Every structure is written in C-alpha cells, then in structure tokens.
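Please look over the two-chain model shown below, and then follow a set of questions and answers about how its chains meet and about a few individual residues.

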2 protein chains.
Amino acid sequence: MNKMVFAFHEGNKDMKDILGGKGANLAEMTNVGLPVPPGFTITTAACKQFFAEGEKITAPIQSQIEEAIKALELKTQKTLGDPANPLLLSVRSGSVFSMPGMMDTILNLGLNDDTAAGLIRLSGDERFVLDSYRRFIQMFSDVVLGIEHYHFESIIQRQKQAKGIQNDIEMTAADWRLVVEAFKKLVLSKTKEPFPQDPKMQLQKAIIAVFSSWNNQRAKVYRKINRISDDLGTAVNIQMMVFGNLGNDSGTGVAFTRNPSTGEKKLYGEYLINAQGEDVVAGIRTPQAINQLQEQMPHIYQEFIQISSRLENHYRDMQDIEFTVEKGKLYILQTRNGKRTAQAGVKIAVNMVEEGILSREDAIKRIDPDQLDQLLHRRIDTNVSLTVLAKGLPASPGAASGKIVFHADDAEKWSQAGVDVILVRPETTPEDIHGILAAQGILTSRGGMTSHAAVVARGMGKACICGCEELKIDLKKKEIQVQNQLLKEGDLISIDGSTGRVITGQVPLMDPELSIEFKQLLEWADELRTLKIRTNADNPEDSKKAREFGAEGIGLCRTEHMFMEAKRIPIVQQMILAESLEERKLSLNQLLPMQTEDFKGIFHAMNGLPVTIRLLDPPLHEFLPNMDELLIEVTKLNMAQDVDEKLRAEKETLLRKVKALHEMNPMLGHRGCRLGLMYPEIYQMQVEAIFMAAREVIASGVEVQPEIMIPLVGHVNELAQMKQLVVDIANKMQQKSDIPVSYTVGTMIELPRAALTADQIANEADFFSFGTNDLTQTTFGYSRDDAEGKFLHAYVDQKILSDNPFITIDVEGVGALVQMGVEKGQQTKPHLKTGICGEHGGEKRSIQFCHQIGLDYVSCSPFRVPIARLAAAQAAIASN
Amino acid sequence: MNKMVFAFHEGNKDMKDILGGKGANLAEMTNVGLPVPPGFTITTAACKQFFAEGEKITAPIQSQIEEAIKALELKTQKTLGDPANPLLLSVRSGSVFSMPGMMDTILNLGLNDDTAAGLIRLSGDERFVLDSYRRFIQMFSDVVLGIEHYHFESIIQRQKQAKGIQNDIEMTAADWRLVVEAFKKLVLSKTKEPFPQDPKMQLQKAIIAVFSSWNNQRAKVYRKINRISDDLGTAVNIQMMVFGNLGNDSGTGVAFTRNPSTGEKKLYGEYLINAQGEDVVAGIRTPQAINQLQEQMPHIYQEFIQISSRLENHYRDMQDIEFTVEKGKLYILQTRNGKRTAQAGVKIAVNMVEEGILSREDAIKRIDPDQLDQLLHRRIDTNVSLTVLAKGLPASPGAASGKIVFHADDAEKWSQAGVDVILVRPETTPEDIHGILAAQGILTSRGGMTSHAAVVARGMGKACICGCEELKIDLKKKEIQVQNQLLKEGDLISIDGSTGRVITGQVPLMDPELSIEFKQLLEWADELRTLKIRTNADNPEDSKKAREFGAEGIGLCRTEHMFMEAKRIPIVQQMILAESLEERKLSLNQLLPMQTEDFKGIFHAMNGLPVTIRLLDPPLHEFLPNMDELLIEVTKLNMAQDVDEKLRAEKETLLRKVKALHEMNPMLGHRGCRLGLMYPEIYQMQVEAIFMAAREVIASGVEVQPEIMIPLVGHVNELAQMKQLVVDIANKMQQKSDIPVSYTVGTMIELPRAALTADQIANEADFFSFGTNDLTQTTFGYSRDDAEGKFLHAYVDQKILSDNPFITIDVEGVGALVQMGVEKGQQTKPHLKTGICGEHGGEKRSIQFCHQIGLDYVSCSPFRVPIARLAAAQAAIASN
C-alpha cells in the first residue's frame with residue numbers, strides 16, 4: 001500500500017500533484033516554521049482510488065487516516081470526541097489546480113452535545129462554542145446530508161426577528177442555543193435520524209463528501225472553463241481548528257500581498273473581528289480593510305506583514321493568504337498564488353523583474369495571453385461626463401453595459417438569446433457561476449473585494465463591482481431601489497469595474513491604451529520571439545491601431561469589406577447584374593478610383609511594412625438583396641392590387657437574377673479565384689487599383705510592399721492563370737509610369753487540396769498564407785454558420801472534440817495539412833514565405849503550433865496583436 | 001535538321017507518333033506489297049514546328065517537301081504542273097489518333113486550266129477531267145480560301161435544273177465545263193483574285209490549310225470528347241491521285257472487315273461506281289452494298305476480300321479500309337482499326353480469341369469500359385407492339401426518344417435546357433458534331449452505314465438510323481412528310497438503332513441483357529481481376545439486378561431513400577418535428593417495422609454476400625417541405641382574406657420549424673453521424689431494424705453478413721460513440737433471441753480529417769469505405785450542386801482541370817487522401833477491409849487507381865457492375 005496520508009511536516013511545495021495546492025503549501029509553511037495549525041493531507045491518489053472503488057474508502061486508506069488522527073491527537077494533546085479536551089477539525093478540499101469555492105469544506109468537526117458541553121467548560125465561553133456548533137451543524141448538513149442552506153438561514157432569521165437583532169454578532173449564547181436545538185430538530189425531520197454525534201463517523205462522512213464534491217456540477221463547469229482535467233481528483237486537508245470567533249481578540253481574514261486588481265505593491269485584504277473564515281469569503285458581513293488591523297491589532301499586523309513578505313519571496317509570486325487570530329495569536333491557514341486581473345498580472349510580473357525576483361523569461365511565461373484580452377477591450381470614454389447612480393468597490397476592472405437580470409439562470413437564458421446582461425445580486429455563491437460566465441458584468445450590494453463574485457469575476461476578466469450598499473435589491477420583485485430611482489429587470493445599466501461607478505443606460509467606450517508595464521513586457525517578448533506578428537486590417541484606422549500595438553505588417557487585407565460600403569453597394573450590384581462585359585466594365589470603372597483611395601490610405605498607414613491584399617473572395621450573391629425577403633416582396637406585389645407595374649417587373653427581374661446566383665452551399669460555391677477566373681475584369685480592376693495607389697503613395701515618399709493574394713486556390717493552374725493576370729496588369733501599369741512598384745503574388749492555402757498539392761502550387765507562389773478558418777471548415781466538413789448553432793457546442797461539451805476547432809487549431813487534422821503545406825511548399829521553394837491569417841493567428845495554442853512548424857508570421861485582428869506577441873515569445877521560450 | 005518528310009517505303013506501322021495513323025498504315029501497306037498509290041508523309045513534328053513558328057513552314061521543311069515531290073515525280077513518271085503528263089495529288093490529314101472527318105482533305109490537286117487540258121488529251125475523257133477539276137476548285141476553295149460549300153452546290157443545282165437532271169452522274173462534260181467556269185468566276189468575285197493556277201503554290205497552301213485544320217472548332221471538340229491531347233499535331237499525307245471517277249470500270253468504296261454494328265464476321269461496306277471517295281462518306285448518293293461488287297466486278301471483289309483478310313490478320317483487329325478502282329485496277333487508299341459499337345467490339349474481341357488471333361488478356365485490354373455503358377442501357381421492350389412510321393438503316397444500336405430538332409445548334413440549345421432531342425437531318429457533316437453530342441439519337445434520310453452520321457454516332461454510342469429515304473425532310477419549314485403524316489419540330493419520336501425502326505411518341509423500355517460474348521468476356525475478366533466488385537443498392541430489385549450483373553455484395557445501402565417513400569414521409573416528418581423525445585420515439589416505432597421489411601428484402605436478395613448498410617446521412621430538412629415554397633405560401637395566406645385560421649397557424653408553425661432546421665451550407669451541416677450523436681434514437685431504430693431483419697431471414701435459411709456503416713465521421717470519438725450504440729443494441733437484441741447475428745461496424749471515410757487521422761479511426765472500425773463524392777467536395781471545396789452549373793465545366797473546357805473530379809477521381813488531391821487513409825488505417829489494423837463507394841467506383845480510371853493502392857473492393861450502381869469488372873481486370877493486367 002502506497003502512502004496515502006501525509007502529515008504536514010512530511011510534505012513540501014513541490015508535492016502539489018499528490019497533496020493538492022493547499023496541502024503542499026501547508027506542508028511548505030509548516031517546514032519553514034510559520035504558525036500553521038497542525039494537520040495532515042489525504043492525497044489525490046486516495047481520491048482517485050475512492051472513485052475507482054465506486055466511491056468507497058478502502059480499509060488500508062482508512063487505517064492510514066486513523067493513524068494520522070492518532071499522531072495529531074498526540075501532537076495537539078487533544079482527543080477527537082473527548083469532552084475533557086476535544087480536538088476540533090477543519091476538513092477542506094485542495095486540488096492540484098486552484099478551484100476556489102468549487103468544492104466543499106467543513107469546519108468545527110468533532111463537535112457534538114458532549115464535546116460542546118466540555119468545550120464550554122474548558123473555554124468558559126458558551127456563546128463561542130454554540131456559535132461554532134451551529135456553524136458545524138449547518139455546514140455538515142449542507143455538505144454531507146444534502147439539506148439546503150436556506151432552511152438553516154431562515155431559522156437564524158426567525159430568531160433575529162424575534163429578538164429584533166440585525167447582525168450575527170449581537171446574538172447571545174442563549175440565542176445560539178435555541179438555534180442549535182432548532183437545527184437538530186430540522187435534521188431529524190429531514191433525515192429521520194438525529195444529527196450524527198460520533199466524531200469518527202462525522203469525519204469519515206466529511207472525507208467522503210469532500211472527495212465526492214470533485215464531481216459536483218459547479219466544479220465540473222469550472223474545470224471545463226479552465227481546461228482542468230477531470231481525472232486529477234482532490235486531496236483532503238484535515239487540520240486542527242483555530243478559532244477567530246473567540247471574542248474581540250480573535251478574528252479572521254484574507255489578504256493579497258499586492259493589489260490583485262491593479263498590481264500595486266501594497267498589502268491588500270480584509271478581515272472580520274470575532275468571526276470564522278467563511279464569513280469573510282461569503283460576503284455576509286462587509287469586512288474591514290486590512291490596514292485597519294494596524295490600529296486594532298498592531299503586533300498581529302506587524303507579524304502578518306513580515307510573514308506575507310516572506311511568503312511572496314519564498315514563492316516568487318503574489319500570495320493570497322488566509323489567516324486567523326485566536327486570542328491574540330496569529331495562525332496562517334493557507335497561502336497560494338493569488339488570482340489577479342490581467343492588468344495586475346502584467347504589473348506584478350514586470351515589477352518582480354525590476355525587483356530582481358523574476359527573470360524576464362519567467363515574467364513572460366507567467367502571463368496567460370488569453371487573459372490579456374481584457375486589457376485590450378474598449379473602456380469608458382474618460383472625456384464624457386456621466387451621471388453616476390451609485391458607487392461600489394472596484395472589484396474587477398473593465399466596462400460593461402447590459403440589461404439588468406437578477407438570477408444566474410436568467411443571465412444564461414437571456415445571453416443565449418443574444419442579449420447582453422449585467423447580473424445584479426446581493427451576493428453571489430458558487431451556484432451562480434454559469435450566470436457570471438454568461439453576463440457582461442457583475443454588480444453586488446454586499447461583500448468585499450475578496451468575496452466570491454469579485455474573485456470569480458477577476459478570474460474570468462469580467463467587469464465587477466461589489467459591496468455597492470446603496471442598492472436596495474428586491475430579488476422577488478426583481479427591482480432595485482437607489483437614490484429614489486427604481487430600476488427593473490431589463491433596464492439598461494453600465495458598470496465601470498475600474499472605478500466602481502454604476503451608470504444608467506449605455507455609455508460611450510474608447511479604445512484601450514497599453515500600460516507602461518504592458519509595453520515593457522511586450523518589448524521583452526519581442527526580443528525573444530522569432531515569429532513575426534501581422535494584422536488583419538481592411539482600412540487605415542485599423543491599420544494604424546494595429547501598428548501602435550506592434551503589428552509588423554498586414555497579413556490579410558480583405559477587399560470585400562470595401563465593396564460593402566453604403567455608397568458603393570449600388571454600383572457593386574449594377575456590376576454583378578450587368579448583362580454584358582461592357583456594362584460590367586462601366587461599373588468597375590466607377591469602383592476603380594474608390595478602391596485606389598482605399599489602398600492609398602492603407603499603404604500610408606503601413607509605410608515601410610508589407611501589406612497582403614486578398615482579391616475579392618465572397619460569392620457575388622452576398623452583395624445582392626436577400627432572396628427570401630425578395631421572394632416575400634414579389635409574392636406580395638403579385639397579390640396586391642393597384643401595384644406599380646414597373647416596380648413589380650423590376651423586382652421580378654431582380655429576383656430571377658438573385659435566384660440564378662443562388663447557391664446550395666455558398667461556402668463551397670462560386671467564390672475566391674473561381675470568380676477571378678470567370679470574371680477576370682473584377683480582379684483586373686482590383687490589381688489596377690493596387691498599382692495606381694502604390695505609384696501615387698511612392699511618389700509622396702511612402703515605402704510600399706504590396707503582396708497580392710489569390711484566394712481559394714485548389715489547383716496550381718488556377719493560381720498560374722491569376723498570377724498571369726496580375727503580371728499582365730503590372731506590366732501594363734509599369735509601362736505607363738516611371739515609378740517602379742515591387743510586388744509579390746501568393747495564395748491562400750485554405751482548401752485541403754491546396755495543402756496536398758502545395759509542392760505544385762509553390763511553383764507559382766511567392767508566399768503561402770494559411771487560411772485556417774476555411775481550411776477548418778473543409779477539413780472537418782463543418783459549415784461554421786451551421787455547426788456552432790447545431791452540434792459543435794454539444795460536441796465540445798460531450799468531449800467528442802477537446803476544443804472548438806474554430807478557436808484553437810486542430811493540430812491532428814487541420815494542423816497536419818498546414819504542416820504538409822509548409823513542407824511541400826518549401827520542397828519546391830526553400831525560402832517560400834509562410835504565414836497564417838485565420839482567427840487562429842491570435843490564439844495562444846495555435847500560435848505555439850505555428851512557431852513549432854516554422855511559419856514566418858501569424859496575422860490577427862489589431863486588438864489581438866499584443867496577445868500574439870506574448871504568445872509567440874512563450875512559444876520561443878518553450879521550444880528552447 | 002531532323003527528317004520531317006518520309007516516303008511511304010521509309011515508314012512502318014509503329015511510327016504513328018510521327019507519321020500519324022494514316023501515314024504509318026500507308027507505309028506499312030506499301031512495305032507488305034499492297035497496291036498503294038505512291039506518296040509521302042510530312043510528320044507531326046513538322047506540324048508542331050509550324051505552330052511554334054506562328055503558322056509558317058520553315059525553309060528546311062519546305063526543301064524536304066520539294067525533294068519528296070521530285071522523288072515522287074521520278075517514281076510516277078509524272079510531273080506536277082506538266083500539261084503533257086500531270087501529276088495530281090491528294091493532300092490528306094492524318095493524326096496519331098483517328099479523328100475521322102474532323103480535319104481537311106484536298107483531292108485532285110495539281111489541276112489548272114493547262115493541266116486539265118493536257119489530261120483531257122492524255123485520258124481522252126473530258127467529262128472525268130472536268131468533274132475532277134470542279135471537285136478540286138470546290139474543295140480547295142472551301143478549305144484554303146474559306147468560300148463556303150453551299151455557294152458551289154447552288155451553281156451545280158442551277159445547272160442541273162437548267163438541264164432537268166437529278167443526279168451528278170447524268171451531267172455531261174459540257175455541263176461540267178460550264179460549272180468550272182462559274183466556279184472560277186465565283187472565286188474571283190469572292191477573293192478578288194483568280195483561282196490559283198500554280199500547282200506548287202496550290203500544294204503549299206493546301207499543306208498549310210491541313211496543318212491549320214488541327215485547330216478548327218470541330219477538331220477541338222472531338223479531341224475534348226475523346227480526351228486527345230491538343231499538343232500532338234497532324235501529319236499530312238501527299239499521294240498520287242488515282243481516280244474512281246474514270247467511268248463505269250472505276251469506282252470507290254469503304255468497307256469494314258466485320259460488321260461494325262453487330263460484330264458479325266462478314267465483310268461490310270459500300271461503294272459507288274464512277275465516283276470519288278468523298279461521295280461515299282458525305283452521304284450525297286446512297287451507295288451500293290459491298291456484296292453487289294461481287295457481281296459488278298468479280299475479280300476486284302475477290303482481290304479485295306483477300307486483301308481485307310490479310311490486313312485484319314496483319315493488324316490483329318477489324319479494319320476500316322478505303323479503296324478506289326481506277327479502270328479495273330484496285331488501289332488501297334487507307335486502312336485503320338475500325339470504329340465499332342460496344343456490342344460489335346465485345347463480339348469481335350471474343351471471336352478473335354476463339355479464332356486464335358488474340359489472347360484473352362488482349363481481348364480484355366481492347367475493350368474500353370466506358371463504351372460498354374451503351375450495352376447496359378435500357379432498350380425498347382420487345383413484348384410491346386409498336387406502330388412503325390418508317391424504316392432506315394440500323395446504323396448504331398440502342399433506343400432513344402426525344403423531340404425532333406432539325407439543326408445542330410437547336411439540338412445543343414434544347415438539350416442544355418434539359419429537353420431530350422432527336423436530331424433529324426438529310427445528312428450530317430462534321431459541322432454538326434456538337435448537335436450529335438447533344439442529341440439522344442440521330443436520324444438521317446440519306447447516307448449509308450459508313451456515312452458521317454453513322455460513324456460518329458457509333459463512336460459516341462448514340463442510337464442512329466441512316467438513309468431513311470421515306471422521310472421527306474424540309475429544313476426550312478422544319479417539317480417531315482412521311483406516309484401522309486406531318487411531323488414538326490418539337491414532336492416526340494423514338495428511334496431503334498438496332499432495327500432501324502422510327503416510331504412516333506415515347507416507347508416503353510426494358511432492362512438490357514448481356515450477350516453471350518459479353519458474359520464470356522466478363523468471365524475472363526473475373527479470372528484476372530483481384531479487386532472485388534460490389535454495388536450501391538437500396539432495394540431488393542436493384543440488388544437482384546446487380547447480382548445478375550456479377551456484384552459480389554452491397555457496398556452501399558443508403559437508408560435515406562427508404563425514408564423518402566410516399567407512405568412514410570408523413571411519419572418521418574412527424575418524427576423530425578417532434579417536440580419531445582417521447583413524441584419522436586412514437587414515430588420511430590412506426591418506422592421500425594417498415595425498415596425491418598426493407599432490410600429483409602435486401603438480405604434475401606444478397607443471400608450469402610456482404611451488405612454494407614449506411615445509417616441515416618442527409619440533414620433532416622431534406623425530408624421537410626421546401627422553405628422557399630413555404631415562404632410564398634405563408635405570405636399568400638397572410639395577405640388573403642377569408643383564410644382558414646387553423647391552416648394559416650399550422651403553416652406558420654411548419655415554416656418556423658423548417659427555418660430552425662434550415663442551413664447555410666447543408667453539405668457541411670448537421671448530417672451523418674452528427675445526427676446520430678444528437679438524436680441517437682434514430683440510429684437506434686435503424687440498428688434494431690437491421691438485427692430484427694437479420695434474425696428473421698437467418699431463421700429462414702438465408703446467410704446474412706450485415707456491415708453497419710457510420711457516415712461522415714471526422715473524429716475517432718464520433719465513431720467510438722456510434723459503435724458503442726450499435727454494440728449496445730446488438731447485445732440487447734442478441735439477449736432476446738437464440739439466433740446469433742454476426743456483424744461488423746465500420747465507417748465512411750469522406751472527410752479530409754478522417755483520412756488524415758485514419759490511424760486513430762481504424763482503432764474503432766472493422767472497415768473503411770471511401771465516400772469519394774463527398775471527399776471530392778470537401779477536398780476541392782466544391783459544392784457539386786453549385787460548381788457544375790457555375791464554373792466546373794468552364795474549368796474543364798479551359799483545362800484548369802484535366803477532368804471533372806466528380807467523374808474521374810483526382811489522383812493528386814482526393815486520391816492522395818484515399819491512399820493516406822488506407823496506409824494509416826492499415827498501420828493500425830493490417831487487415832482492415834477497404835473499399836470505395838462513390839460514383840468513382842464505376843469509372844475505369846478511378847478503378848485503376850483503386851487497384852493500384854490496394855483497395856479490397858469498389859462499389860458502383862448495378863448497371864455499372866460489368867464495366868467495373870472489366871476495368872478491374874484491365875487494372876490487374878496493367879500492373880503485372
């Protein structure tokens with residue numbers, strides 16, 4: 001039998017895999033001499049065996065637990081169940097990766113009628129003991145016996161009402177005794193058995209419950225969101241209780257070594273006098289800021305400051321520390337790397353490099369590129385004056401607007417229907433996690449910066465305001481009273497999680513700016529990465545923004561967006577509906593100067609950097625009116641009386657033409673170079689515009705490198721013909737001018753056949769740009785438009801697919817084709833330039849793949865350029 | 001300078017590549033001592049150089065031609081342009097692959113006013129000389145000067161009318177002299193220059209014209225149909241004229257050594273007394289059958305019989321021979337392997353094996369599997385009595401029905417609009433080839449079995465009746481007079497090319513039966529092939545037919561066709577529109593006994609052979625009403641007054657549901673195993689039906705091997721789940737019965753990702769069936785529904801693609817994926833069974849590919865099974 005139970009002094013911080021994060025850190029702190037209440041950890045291996053045995057604890061594990069309890073009794077000089085000197089325990093989950101609040105915890109275990117009486121004798125504090133006992137009954141009943149929380153809460157509420165009391169702290173020993181008796185009756189009536197009095201049985205049931213909580217619904221959801229394997233299991237930490245509820249020289253708190261919202265290097269946290277840990281986290285009482293402890297308990301504060309600093313240096317990361325003060329003595333109950341906002345994460349990492357704690361590579365490795373996304377979101381325009389409705393704690397930065405909902409289920413439902421929502425609650429609990437995920441932002445009237453809502457929102461990068469006590473929330477009526485105003489479900493509000501401001505209605509947003517630390521981090525990333533980062537941009541504004549963010553060129557300039565502009569669409573439609581080549585050319589001649597202006601603007605913005613321009617790609621019917629609407633319109637015209645005959649005839653003609661262009665599967669239809677081959681005059685106009693624009697801007701001193709890209713090539717002959725078209729126009733244009741324009745011609749590789757025959761295609765291409773959006777559609781045979789609504793989400797939920805392949809590149813299938821394309825292409829042309837321009841170009845795992853297979857660049861939307869710079873550096877570090 | 005001109009005695013039959021077919025055979029015949037008029041061949045290499053030089057004959061080639069002429073003058077003792085003893089020449093094209101009638105020919109070259117006068121003196125036959133001269137002017141003017149045929153014809157017509165003459169043969173020397181003078185005037189007025197009198201200039205211009213005719217429109221079309229490369233070029237054969245128009249002891253004819261329509265071993269051909277070759281082929285006079293020559297010229301007939309037999313043995317194939325008799329002496333002007341119907345081809349090949357001329361392998365290699373298609377078409381039901389309108393020559397077998405059209409352009413136009421047509425003409429010319437291609441069948445009132453219409457129709461496998469002289473065709477009025485009936489354009493007729501019967505209206509058709517020779521050939525093929533042949537069949541009738549044709553199992557039984565039956569579709573729709581699982585199961589329970597009956601019938605038919613059943617594949621909306629029609633209906637209901645409110649509500653609900661199921665790209669949508677995963681109850685019902693049916697038929701003594709196939713798998717997890725579903729049902733069914741059913745579970749490989757990850761998928765599969773229809777769609781990114789109408793035909797025409805990839809497998813792209821799938825699959829499971837079930841399974845070049853990469857079987861439609869058997873044998877022979 002392997003060792004399945006470790007006393008704290010037997011472990012260390014590197015044993016997370018078997019002790020879980022909490023257990024490993026408790027062991028580490030014990031060994032470095034910090035004041036940790038003694039205890040032991042049951043390993044994750046024991047949890048796996050528990051599930052393997054059909055949710056049973058085997059005899060060998062049971063006997064290891066019993067031995068550990070004996071050793072703990074010896075150490076603490078207390079005995080489990082002994083009324084003379086009872087050992088009370090906390091039983092807490094602790095998995096390999098932090099899953100705060102997702103699994104179960106039981107405090108004060110070991111209390112029963114006898115030990116409670118004994119403890120009253122021993123401590124002389126009846127109120128404390130009964131407070132602890134009622135807490136224990138409530139937690140144990142919730143976690144082990146499945147009796148819901150609110151039954152107990154309403155008993156407490158009734159007692160408070162009877163006594164006219166507002167706060168728990170005003171409850172007397174006699175009050176708690178009545179509550180305990182009522183609790184025990186409740187348990188008897190619900191379970192048909194009295195509340196279990198045997199502490200050993202309590203312990204065994206508690207361990208089983210914590211193991212089982214690994215598979216509760218919210219833990220599963222959390223793991224899915226955070227990509228944590230379902231196979232890891234949780235450890236169980238069993239530790240001697242220390243009591244923050246032993247009077248006014250006792251208390252409990254949580255603190256971060258730096259500000260988890262901004263990253264500022266300043267102790268940041270909260271505490272409550274005469275309370276147990278869950279009171280702080282659950283947000284039931286709004287706690288005091290940690291700096292007030294300096295006045296209330298100056299020695300404790302000094303000691304805590306020292307320990308904090310020691311822990312941060314020891315772990316080389318910002319720490320999230322739980323502590324309890326029992327009658328003037330400080331205990332550390334947990335430390336872990338603290339969750340933080342992206343902004344804080346960046347600032348902390350960069351500061352720690354400056355402080356000599358971290359290397360630059362470590363700092364870069366530490367930031368999750370996905371999290372940076374929130375720094376690149378638009379925020380409330382600071383130049384606009386707003387009417388602020390209320391102010392709460394700025395718990396998670398960012399701005400969000402949405403309609404008010406009051407329940408997590410509603411948040412999910414509305415959001416699935418496409419409505420942006422703000423979830424408003426007095427406080428949130430782990431049961432609300434799906435609603436937080438669905439909402440744009442979270443607003444609570446109770447709880448502090450370390451409350452559940454705040455921690456979860458920061459983890460997800462959602463805007464969040466906590467403890468906004470001005471709001472009087474009525475969940476039943478679905479209303480908020482604030483400053484004589486009444487807000488109802490569905491009303492539009494905005495929240496600013498960076499300042500804590502609640503604002504009515506929608507607010508204007510502005511583009512983000514990068515902080516000094518963020519810029520610094522990205523400069524370090526640039527020194528390490530080998531992959532170039534380009535951007536997908538179709539207009540000068542986006543091009544400029546991307547360049548500010550560090551883009552090194554345009555990897556994809558889609559010309560169809562230019563065709564969609566309101567002024568142009570009638571001309572584009574004329575062009576499409578033309579009955580003859582001459583007629584079509586007339587329209588194209590009108591479009592030529594407009595396209596030329598488009599390209600001039602982009603060339604100016606990207607002065608000196610390469611610009612890859614993709615010629616027209618979508619099927620022509622995308623520019624025409626919707627066929628279904630037209631069908632209805634014509635049907636109505638045909639039925640109506642007194643109709644303008646000319647209008648009817650026109651609409652019928654239009655419908656006939658739209659029908660002629662209609663396609664069963666437009667994704668696989670007449671688009672890309674297939675258009676260029678059938679209507680060469682369209683591509684000719686576009687190429688002419690590129691060269692006219694290039695010539696003009698070169699004349700004004702701008703450096704231009706157009707890379708002309710032919711879309712949807714599946715056979716080398718398609719590219720050969722289209723390349724010839726480009727070369728012919730280029731030659732014609734060059735003859736007319738003495739300004740030479742140097743250019744290249746390449747292709748998208750976005751069809752399986754293109755990748756499979758890349759050796760042939762490379763003969764005609766100066767570069768390959770992998771269009772992995774379309775390549776994913778054809779390789780899987782998924783229409784993205786249809787799949788995501790119909791089965792793809794279910795596929796990911798049911799783990800048929802590990803990821804949505806439109807978000808993270810499918811390495812085995814699509815990736816194999818990309819790799820094949822690169823290898824075959826470079827067989828023909830060793831220096832063929834290669835890049836990727838699908839959405840995968842801005843996603844960290846896909847970027848890592850692109851680095852591994854040796855692409856020259858990735859191209860992504862302007863706002864993902866910084867993310868790509870960081871991810872590219874991480875990929876380079878990983879491959880060293 | 002390479003040798004670009006070869007005298008006939010310098011070549012042989014193996015030099016086709018440079019001498020062309022005609023030139024090589026003229027050389028061969030010269031060398032074996034047959035009576036061939038002397039001459040020489042200008043090579044295909046010279047033709048290529050001619051095009052490379054911008055349609056110019058270079059000086060070195062020109063001088064080789066001049067030397068060859070001198071040698072010919074020496075040999076014949078005649079001199080080009082010498083009025084005392086003029087050498088007259090035929091100038092004929094001759095390409096590597098036979099392209100009968102597609103390129104140009106000029107006879108009687110060397111005639112001018114002086115040589116004509118000299119020849120009259122020499123021959124004493126003024127009428128012959130002037131007849132030859134008028135022929136020369138007409139052909140030269142048509143081919144070289146571009147003056148259209150009908151101008152000359154109308155001059156002859158006028159002269160005939162003036163003299164009250166019906167036939168050319170009645171024209172006197174004086175008549176022809178007037179015609180010649182009129183011809184020369186016509187040329188002067190059209191070209192502003194007199195008809196060229198210099199024989200050397202005539203020759204040079206004629207050579208250039210023949211070279212150039214390689215690229216005329218009809219030659220290009222012919223090459224495209226027959227897959228002949230455009231790069232080969234044509235040789236030019238220049239030969240001393242011999243004259244069939246020198247009186248009644250002269251004549252000209254064409255004969256096949258066997259019957260090209262039936263394959264019967266009997267000389268078969270036609271001749272005309274006192275005529276030149278083109279008179280026979282052009283169908284201007286209906287010629288006499290060859291056996292009449294026995295009476296008219298018994299010695300010539302005997303000699304010809306002997307030569308025919310010698311040529312057939314020499315070439316080991318049926319010969320198509322052109323001959324001329326000049327004043328009682330027989331000349332052979334051409335021999336070539338004769339074009340034949342599929343029926344004749346098979347009979348000749350099998351007979352030649354029996355005669356000891358060919359080996360079995362040679363016989364099999366000689367048959368083009370594509371041509372067999374016509375033997376497998378339905379023909380006129382022999383049990384039905386028909387009203388026969390007229391009878392002509394049975395020129396090309398097969399039955400066809402269609403609307404009458406009178407012009408090739410109309411045939412093409414109507415056919416493109418989806419109308420079946422019969423092209424009816426007095427005679428056809430090479431200009432009509434696009435119309436013949438477009439028509440279902442050809443009917444002419446003039447010309448014999450070797451006329452243009454007959455030869456071309458047999459080559460294309462189209463039904464054709466020639467020389468149906470009862471028909472009085474009026475091309476201007478677009479009418480036919482026959483037996484007091486008047487038929488007009490657009491009237492429906494049927495023709496039976498096997499018997500020569502013309503029938504009004506549509507006729508009932510019956511399934512084909514295989515001839516004794518065909519069966520013999522296929523038995524030989526079965527001994528040679530290693531590839532198994534299965535069939536795609538969804539019902540007992542098709543299964544039986546396929547088995548008769550030699551299918552060795554069902555490779556694809558599509559279950560969706562069973563869902564489409566009229567009785568079932570309402571139940572299927574109920575199932576789809578069900579609001580709950582329970583409701584859906586109610587409908588499925590109704591379908592279960594029906595599906596069970598389907599499978600029982602098929603299992604009975606295939607007793608002892610494997611049956612691969614594919615579970616439901618198409619998206620569910622295919623079973624619902626068309627959305628556009630429903631949109632119009634609902635719009636109308638909404639506008640109308642006094643409408644049944646219940647009906648309106650029902651239709652609106654239906655529309656809403658149809659819209660919910662509607663997909664942007666159904667090809668890439670919610671279908672295949674994606675349905676099975678989201679609605680497992682549908683697949684469960686189908687699997688249950690398979691096992692119920694198997695159990696019942698096994699009980700009645702039938703041997704059953706169901707192979708259950710999961711469609712559209714892209715990831716191994718999809719197959720794993722669906723396989724588990726099958727196994728679960730199988731186990732449940734087995735428990736209920738003591739009749740064990742052995743079965744396998746496999747998958748379609750029809751998505752690129754499936755081929756790319758075939759090693760993983762093979763872990764869950766007993767067999768792979770490559771669905772190359774869908775695989776072609778996704779690999780190319782072509783929606784077949786859209787591509788064929790919008791750009792695919794243009795792609796093939798413009799040679800962007802060498803073939804339509806839906807017809808012939810694209811070896812480089814789709815084929816590479818199939819090969820990868822086989823290799824990766826067999827890495828995991830060395831004995832994994834592999835097959836193909838797309839339409840490629842019945843196409844010869846695709847079958848060859850399947851053999852090469854080692855598939856176990858191909859599966860095709862029942863009527864293509866014999867074709868596949870032959871093609872598989874050819875593939876096996878080719879790879880030895």
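Q: Which side chains meet in a salt bridge with a distance of 2.6 Å, N to O?
A: The model is a predicted one, in which local features need pLDDT of at least 70, side-chain atom pairs count only at pLDDT 80 or more, and totals for chains, interfaces and linings use all residues. Residues are numbered from 1 along each chain as its sequence is written, chains are lettered from A and ligands numbered from 1 in the order in which they are written, and side-chain values use heavy atoms, with hydrogens and water left out. A salt bridge here is a side-chain nitrogen of Lys or Arg within 4 Å of a carboxyl oxygen of Asp or Glu, and the pair that meets in this way at 2.6 Å, N to O, is Asp810(B) and Arg753(A).

Q: How many salt bridges are counted between chain B and chain A?
A: Polar contacts, meaning pairs of N or O atoms within 3.5 Å (within protein, one must be able to donate a hydrogen and the other to accept it, and residues adjacent in sequence count only if both atoms are side-chain atoms), link 32 residue pairs across the interface of chain B and chain A, both residues being at pLDDT 80 or more. For salt bridges between chain B and chain A, the count is four.

Q: What is the area buried between chain B and chain A?
A: With contact taken as heavy atoms within 4.5 Å, 56 residues of chain B are in contact with 56 residues of chain A. Buried area is the accessible area (1.4 Å probe) that two parts lose on being put together, summed over both; carbon and sulfur atoms give 60% of it here, and the total between chain B and chain A is about 4900 Å².

Q: Which residues of chain B lose the most area to chain A?
A: The interface between the two chains buries about 4900 Å². Together giving 13% of what the side of chain B buries, the residues that lose the most area are Leu668(B), Arg753(B) and Lys790(B).

Q: What rotation superposes chain B on chain A?
A: Two copies of a chain are related by a rotation about an axis and a shift along it. Here the copies are superposed by least squares on the C-alpha atoms of residues with pLDDT of at least 70 in both, and the result has an RMSD of 0.3 Å and a shift of 0.3 Å along the axis, with a rotation of 179°. That is the relation of a two-fold axis.

Q: Which residue of chain B comes closest to the rotation axis?
A: The same surface serves both copies, since 100% of the contact residues of chain B recur in chain A. At 2.0 Å from the axis, taken at the C-alpha, the residue of chain B that comes closest is Asn665(B).

Q: Is Pro618(A) buried or exposed?
A: Leaving aside neighbours within four places in sequence, Pro618(A) is in contact with Glu560(A), Phe623(A), Arg671(A) and Leu675(A). Buried means under 20% relative accessible area, exposed over 50%, and partly exposed in between (1.4 Å probe, protein chains only); because its relative accessible area is 7%, Pro618(A) is buried.

Q: What is the relative accessibility of Lys192(B)?
A: Most residues other than glycine have a negative phi. Lys192(B), however, has a positive phi near 60°, and Lys192(B) counts as exposed, with a relative accessibility of 67%.
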